[in-house]
Amino acid sequence: MPPPSLPAARDPAAATTTARRRSSKEGGAAAAKVHPAPAEKEGKKMGAATAAGGGESGWRLPEWCSAAGVAGILRRHPLPALFACGLLLFMAVEYTIPMVKPDAPPLDVGFVVTQGMHDAVAARPWLNSLLAALNTVFVQCVFVQVFVAMQAGYILWAILFEQRPRAAVAALMMFTCRGMLGCATQLPLPDEFLGSGMDFPVGNVSFFLFFSGHVAGAVIAAADMRREGRVALARLYDALNLLQVVRLLACRGHYTIDLAVGVGAGVLFDTIAGWYFDAKNADGKNAHCRSCQCHKALLSH
């Protein structure tokens, strides 16, 4: 039997028919491979976006806006969610709370809470002097061995004997800022203030109310203790600082806002001092070292 091409070669009509068939097949394949025009592409994309997003722009709500997304946020991030609720609450409170009259004394919730203790201290001057003396000891005096130091004494110990100046630099920054703010906004002394000759500054001749240097210094010292692994001592220090806060409120030596900002100032300036020494130590290469050997920066720069 001859091959298929042989009859076609002998019959010119058959060859023409075969060539037409092949040409039609190749033309159909080429037409199938032709790319759609740009306008057609854009139309298809817009159609897909409209179908997916339900609008002309194709924008959809973030996943966290759904009920399941909100539930997931509440489960994974309860603290920011709590702050969000607090924002809404205090927005309503701030716009509806009655303002304190210009001729009225400041309204301080801390004073209200400690009213009973204030009355007890006011009726016993010796108790006021004892608490003031204990507070001054807490602020200034040095303890050895287990207790190491208290506030100023501990900070001096850290820089002089352990050659770690971070706490000292933080305290210098904090008291300088406190002095500027105290001069910029001078608050009136509470009418019920119970002064004592045993307090610090001695005799309470004059002092800045905003913010509390007592509290801020204690926070700086406790933070340094934690960095050095003295966790138990730091917890003891925090407990004594809390007692100091109660005593200052009861004696009307500070407003509540003075004490709260004192805590924040201690944390802030301790962090800034850490940034400072991180930058000084090999351009930040030794940042966040646990032992905080930042005395090298003082000697090399």
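Visitor: Quick one to start: is Arg226 buried, exposed or partly exposed?

Guide: Partly exposed, because its relative accessibility comes out at 41%. Keep in mind that this is a predicted model.

Visitor: Okay. Which residue does Arg226 form a salt bridge with?

Guide: Asp238, and the closest N and O atoms of that pair are 2.4 Å apart. Arg226 sits in helix 11 and Asp238 in helix 12, which covers residues 231-250, so the pair links distant parts of the chain, twelve residues apart.

Visitor: And Asp238, is that buried, exposed or partly exposed?

Guide: Asp238 counts as partly exposed, because its relative accessibility is 30%.

Visitor: How many salt bridges does the structure hold?

Guide: Eight. One of them pairs Asp224 with Arg164, with the closest N and O atoms 2.8 Å apart. Asp224 belongs to helix 11 and Arg164 to the loop between helix 9 and helix 10, so that bridge ties together parts 60 residues apart in sequence.

Visitor: Is Asp224 in that pair buried or exposed?

Guide: Asp224 is buried, and Arg164 is buried too.

Visitor: What does Asp270 pair with?

Guide: Asp270 makes a salt bridge with Arg227, and their closest N and O atoms are 2.9 Å apart. Helix 13 (residues 256-280) holds Asp270 and helix 11 holds Arg227, so here the parts tied together are 43 residues apart in sequence. Both Asp270 and Arg227 are buried.

Visitor: Which residues are linked in a network of salt bridges?

Guide: Glu162, Arg164, Arg166, Asp224, Arg227, Glu228, Arg230 and Asp270. The Asp224 and Arg164 pair and the Asp270 and Arg227 pair involve members of that network.

Visitor: Let's zoom out. How many helices and strands are there?

Guide: There are 14 helices and zero strands. Reading from the N terminus, the elements are α-α-α-α-α-α-α-α-α-α-α-α-α-α.

Visitor: What share of the 301 residues is buried?

Guide: Buried residues account for 30% of the 301.

Visitor: Helix packing next. At what angle do helix 9 and helix 11 cross?

Guide: Roughly 45°, and their axes come within 9 Å. That angle makes helix 9, residues 152-160, oblique to helix 11, residues 213-227. The crossing is left-handed.

Visitor: How about helix 10 and helix 13: what angle and what distance there?

Guide: They pack at about 125°, with the axes 8 Å apart.

Visitor: Where is Arg252 found, then?

Guide: In the loop between helix 12 and helix 13. Arg252 is buried, because its relative accessible area is 0%.

Visitor: Back to the loop between helix 10 and helix 11. How far apart are Leu187 and Phe208 in space?

Guide: 8.1 Å, C-alpha to C-alpha, while in sequence they are 21 residues apart. Leu187 is in that loop, and it counts as partly exposed at 35% relative accessibility.

Visitor: Last topic, the surface. Which residues form a nonpolar patch?

Guide: Leu87, Leu88, Met91 and Tyr95, with about 480 Å² of accessible area together.

Visitor: Where does Tyr95 lie?

Guide: Tyr95 is in the loop between helix 5 (78-94) and helix 6 (109-113). Tyr95 is exposed, because its relative accessible area is 67%, and the cut-off for exposed is over 50%.

Definitions and conventions
Residues numbered from 1 in each chain as written. Predicted model: local features only at pLDDT ≥ 70, side-chain atom pairs only at ≥ 80, totals over all residues. Heavy atoms only, no water. Patch = residues over 30% accessible without salt bridge, like charges linked within 9 Å, V, L, I, M, F, W, Y side chains within 5 Å. Areas by Shrake-Rupley, 256 points an atom, 1.4 Å probe, with all protein chains shown as cover. Salt bridge = Lys/Arg side-chain N within 4 Å of Asp/Glu carboxyl O. Helix = DSSP H or I, 4+ residues; strand = E, 2+ residues; numbered from the N terminus. Buried < 20%, exposed > 50% of the residue type's maximum accessible area, 1.4 Å probe, protein only. Axes fitted to C-alpha atoms, helices over the stretch in contact; angles between N-to-C directions. Parallel < 35°, antiparallel > 145°, perpendicular 65-115°, else oblique. Left-handed = near helix turned anticlockwise from the far one by under 90°.
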